[in-house]
Amino acid sequence: MMHFLSSLRLAFYNLLALILWMGTGVVLSHSHEAAFDRMNEMPILEWMGNTMPQSPLPVVWFLVLCMISLILLVNALCCTFNRQLVLARKLKKGKPWLFFILHCLFILVLGCHGLILVAGDKQGRIYLSPGMSHVFGPYRILAEEVVIGDDPKLLSALGKTQRSRMTRDNIGLHNNYVRLRLFRNDLEVADKPVYMLSPMRYKTLQVTLVEFSQNPRQLSPGVILTITDNPLNPVFFLVYGIMILSLAGFTMLTWHQKPPEKDIS
Amino acid sequence: MTPDDVPAIVYLLATGMVLAELLTAFFRRHRVAMVFLALRTCICLSGIGFILIRADRPPLFGPFEALVHILCVMGILALLFARQLAQPRDFFLYSSVCAFALLALQWGAPMALNNDYYMYADITVLLFFSLRLTAAGIFAHGAVQHVCAALGKEGRLWHDGRNTLLAGACVYLASEWTGSLWCLNWLGDSWQWSHGFLKAAILFLLVMLACHLPAQVLKQTILRAAGGILPGLFILWMIFYH
């Protein structure tokens, strides 16, 4: 069993299945666009519960994707610790060890991808105009003021023509912002202007300005925010970065060497 | 001639050089083919220079910008690589066929600078697109190496192709890393469920697939070559038709 679980053949067919399944996902993301969009606005378990009754196909697709990814994770774990570690110990050379570390890092990145899905909390597309506040767990986020230095019509643009006018000349990243005040258990912990691409961060909490918006019932412009609380993000970026460096190191070390046919093509 | 005409001129000149390269490679004039390859690369470099001066940023998106960047990377890699080959004829031939196919497929596409989207003011956005184009050039070069390996007799080409794939994977992952940072700052998550994300993941999986071919697949030249060609084809499709 262990021999099969750690085999290259399983990795190959599993990767092939994952590619085909993700290709199916590309097609589904077009036919079930709304369901896929909602996936980004709430924790995944909540999304599954909400989406299953109305649109079961994306949920089934997602569950099968998780299953294939889990097999890949098990395969990578078995191969890494059952084969590569044994080989690295036996050969006592740098390259097999780097190969082993590279796979460990890949497992960590894959694990982080999975954990980020279920860990933490998230609320997407929160509309706030000046004076409005929103409660997120122990936090309360208050929009103090919305400052728009550029043409407001461009900032809430949707169509392709308007988007093409959203150039660096017409819109400055720091010309438009929302001043947010963050309270934790009614105690103010942060007060700062939040720009596009410059979110507010406090511990593991992130408040991101997604877009400016004009609510028809409000006179002044408002903002659409996404609030996330995910402690795994820094770990993910760190491990991901180290994995890229390890892959670069491994590529350089094996540049002039013909590797065994079984491992690397 | 106005600056707006420059992209079309660069495109036509590059096409002319690739055609000359193709003909000279076909008639086994390797050195002349190499000169045309160098000229094509210089023309693409000048296209990149034009974008840098005119738009105050590197090439990022759209038919013209993507073409000059990808062809430039392919050209530089081909120049470095062809010198190491004992029989570079096939390599020149397939490399110029690939470059010509790219140029021909973009025939009629608007040859102009892409709209200067306001998010291009952010370094992570610049790096994401720029590194992705660089990776596309590297994967396309790797695809040519795999075609040569499958059709030619130089055994070392398999290993060269594998090296190129891994180097391309490093650059591509670096692009995805900066893209994740962009996504985190823009939408609040390091990645988002979308067809773009799924396609990006498929590309990485294709590279992984090429690096995890079992012995019985490795023995079949066509399948082995397909493994090395697919990432190049897929990323080019993603960039030009996404």
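Some housekeeping before the tour. Residues are numbered from 1 along each chain as its sequence is written, and chains are lettered from A and ligands numbered from 1 in the order in which they are written. As the model is predicted, local features need pLDDT of at least 70 and side-chain atom pairs count only at pLDDT 80 or more, while totals for chains, interfaces and linings use all residues.

Let's begin with chain A, which has nine helices and eight strands; these are DSSP runs numbered from the N terminus, helices being H or I with at least four residues and strands E with at least two. Its radius of gyration is 24 Å, well over the 18 Å that the globule rule gives for 265 residues, so chain A is more spread out than a compact globule. That radius is taken over C-alpha atoms, and the rule is 2.2 Å times the number of residues to the power 0.38. Along the principal axes, the C-alpha atoms of chain A fill a box of roughly 70 × 45 × 40 Å. Of its 265 residues, 26% count as buried, meaning that 20 or more other C-beta atoms, placed from the backbone, lie within 10 Å of the residue's own.

Now, please look at the sheet in chain A. Four strands form an open sheet in the order E2-E3-E4-E5, with antiparallel pairing; strands pair if DSSP finds at least two bridges between them. Strands E2 (133-136) and E5 (187-195) of chain A stand at the edges with a single partner strand each, so one side of each is left without a neighbour in the sheet. E4 (residues 176-184) of chain A pairs with E5(A) over eight bridges in the antiparallel sense. If you'd like one pair to find on screen, A:Phe183 has A:Glu188 in E5(A) as its bridge partner.

Over to chain B, then. Helix H3(B) is mostly covered, with 15 of its 20 residues buried.

And where do the chains meet? Here 47 residues of chain B are in contact with 46 residues of chain A, contact being C-beta atoms, placed from the backbone, within 7 Å. On the side of chain B that touches chain A, helices H6 (156-187), H7 (195-210), H8 (215-218) and H9 (221-241) of chain B each supply at least two residues. H6(B) gives the largest share of that side, 14 residues.

Note on methods:
Two residues are in contact if their C-beta atoms, placed from the backbone, lie within 7 Å. A residue is buried if 20 or more other C-beta atoms lie within 10 Å of its own, exposed if 12 or fewer, and partly exposed in between; C-beta atoms are placed from the backbone.
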